[in-house]
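Thanks for coming. I will go through one model this morning, starting with a sheet and ending at an interface.

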Amino acid sequence: MTRRANEAVATYVVGDIQGCLASLRALLAAVGFGAADRLWCVGDLVNRGPDSLGTLRFARDLGERFATTLGNHDLHFLAMVHGGHPHRPGDTLEALLDAPDRDELAGWLRGQPFLLETEDWLVVHAGVPHVWNLAAVRARAAELQTAVRGAEHPAFFKAMYGNEPAQWDDALTGMARLRAITNHLTRMRLLDVAGVMEFSHKGALAEAPAGYKPWFAYPSRLPGKVVFGHWAALFGVAPDQCHPRTRAWGVDTGCVWGRRLTALRLDDERLFSVPAMERRAA
Amino acid sequence: MNASTPPARRPSGKTYLVGGAVRDGLLGLPVRERDWVVVGATAAEMLAHGYKQVGRDFPVFLDPRSGEQHALARTERKTGPGHADFTCHAAPSVTLEEDLLRRDLTINAMAKDGDRLIDPHGGKADLDARLLRHVSPAFAEDPLRVFRVARFAAQLPSFRIADETLALMASMRPELAALSGERVWAELAKAAAGPAPARFFETASALNGAVWFEQLNLDATVALFRRRAFRNQATALVAIGWANQRDAIASTLSRLKAPRLTARAATALAGHGPALVEAETAPALLEALAAIGVFRPGPLPELVFAAVEDCAGESLQPLRDLAQALRRIRVDATPGPAYGVALRDARLARIASWQKAHR
Ligand SMILES: [Mn+2]
């Protein structure tokens with residue numbers, strides 16, 4: 001009945017968890033997450049939800065079976081730890097910041113990449129701009145990872161924030177280049193045809209500003225399929241909603257906003273979704 | 001919740017936790033309700049201890065303290081073609097093992113005595129192997145079990161239906177027509193709330209529509225449920241209309257005795273859903289909006305909007321706003337046919353300007 005052999009190891013890519021550990025546990029129980037199965041996340045493990053600390057500990061304790069790409073909220077947490085950035089309104093990171101194992105968890109998170117790959121799939125937090133090919137996304141994710149992992153990471157986290165540059169240019173260097181990569185891989189939603197990003201719109205496509213389209217509405221230069229998160233208002237994206245040359249699955253279905261937590265099983269391209277378990281703050 | 005606390009006062013005989021609570025506990029799933037089997041007691045004893053009998057024909061009781069279901073251990077034998085045609089034999093002499101033998105799947109035929117698992121039919125091994133397997137050939141005596149298995153496939157998506165069980169289900173086809181539509185609908189409704197509703201339709205498809213679903217385009221239905229998440233059970237059920245022809249969905253849901261609102265919304269979705277997303281002319285969009293009940297009171301239009309959003313993966317908020325604006329339009333004309341024409345013209349004009357801005 002299922003295309004998945006019973007003994008095979010499955011890879012589940014789950015949407016933005018954002019501290020919703022109870023929902024993650026419910027989803028894993030519902031899919032029958034096996035002792036050898038792999039859990040990947042599109043990023044934003046933390047913030048806005050109730051249990052960022054528990055989520056990071058749970059993910060870390062899965063060891064080699066877990067991997068995530070880093071999202072903007074993950075970077076925000078790291079920027080508070082390493083770059084002296086303040087808590088912002090709406091953040092729910094206090095317990096994590098006060099935890100005895102905060103530095104250990106931050107170190108573990110800082111070791112996660114910005115791009116996960118299988119033979120057929122790429123996983124990124126926000127997306128891959130149509131102006132990048134496979135070699136470009138690999139090289140740029142690696143550049144950013146080097147900055148985040150390396151000895152100079154405090155300087156990166158201090159200067160990480162900013163909407164500029166909003167357009168890719170191969171000639172970019174230094175912090176401007178790193179910020180451009182960060183903005184593309186972890187914050188991008190809408191672009192114009194020249195590749196200029198628009199950061200203010202987080203809502204539905206029907207209300208997108210004129211001249212801008214989601215990154216997946218442009219023809220992709222990638223050979224494989226992409227899984228991404230970061231855009232809860234879309235309540236998931238399937239390949240039939242993308243440009244015919246782009247095969248992307250969006251798996252953020254707004255768990256932290258009281259909607260659902262969703263995972264895509266890469267092996268047979270099958271979606272699993274459970275309602276959010278967290279009680280919404282009034 | 002302590003899964004092994006029996007009620008404070010109980011009749012003679014021994015009480016075991018059975019069925020879904022045992023299964024879900026082992027799977028780490030939330031346990032919603034607990035069912036118990038009482039071995040070695042009589043109905044009179046149960047009543048004397050304050051238990052309330054649930055049905056006339058089955059020795060099933062509610063514990064007035066916990067509200068949980070307690071059934072006397074029983075065996076069943078089929079006497080007719082339907083789901084309800086059984087003679088039921090309950091006696092203090094019926095053993096737990098005999099009671100477990102009449103159940104559908106091995107993973108549902110386990111019991112717990114405190115922390116001790118009682119598993120005479122290999123349920124734990126099938127649970128670990130992620131296998132939906134029938135307990136015995138008596139599975140075929142209840143045709144509803146075909147749809148129960150399809151529902152379990154949606155609720156437990158890591159489980160595979162055993163080949164021999166699927167073959168047995170296929171052989172039960174002649175019995176399926178005698179089922180009541182409501183019972184089949186209830187299984188579909190539970191599947192729609194599960195983590196992978198597509199698997200209900202995949203199972204039906206593997207059984208050539210399993211009689212009740214053979215008018216549907218099951219390939220299209222499966223494809224829709226495999227690529228979209230649905231915000232809730234209601235939109236998932238209505239969404240079936242998105243993948244099917246109007247007449248097919250209307251007749252299928254009518255035979256299933258689906259709730260009226262769900263059936264109307266699913267049928268409206270089949271007939272007018274695509275037009276809501278992509279109608280190019282004002283009259284076409286007005287017709288679709290009227291057909292989904294935008295100009296009448298009631299929950300139908302919002303249910304259709306929500307289901308279309310989940311199916312198409314697109315927000316219909318601008319269309320909701322348009323519908324609201326259209327409802328508020330009043331025209332200055334004398335009552336009668338002229339009023340209707342003037343109202344329609346005013347609505348069409350409003351839609352045309354909206355379409356210019358949004359499409
Ligand atoms: Mn994000």
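Start with helix 1 of chain B, residues 20-27, which lies across strand 1, strand 8 (111-113) and strand 9 of chain B and runs at about 55° to strand 1. Angles here run from 0 to 180 degrees between N-to-C directions, with axes fitted to C-alpha atoms, for helices over the stretch in contact. Helices (H or I, at least four residues) and strands (E, at least two) are DSSP runs numbered from the N terminus.

This is a predicted model: local features need pLDDT of at least 70, side-chain atom pairs count only at pLDDT 80 or more, and totals for chains, interfaces and linings use all residues. Residues are numbered from 1 along each chain as its sequence is written, chains are lettered from A and ligands numbered from 1 in the order written, and side-chain values use heavy atoms, without hydrogens and water.

Now the sheet. In chain B, seven strands form an open, mixed sheet in the order 3-4-5-2-1-8-9; pairing takes at least two DSSP bridges. Strand 3 (52-53) and strand 9 (116-118) are its edges. Strand 1 (14-18) pairs antiparallel with strand 2 (35-39) over five bridges, and B:Leu17 stands opposite B:Trp36.

Last, the interface. Contact (heavy atoms within 4.5 Å) joins 33 residues of chain B to 31 of chain A. There are two salt bridges between the chains, meaning a Lys or Arg side-chain nitrogen within 4 Å of an Asp or Glu carboxyl oxygen. B:Glu202 forms a salt bridge with A:Arg270, the closest N and O atoms being 2.9 Å apart.
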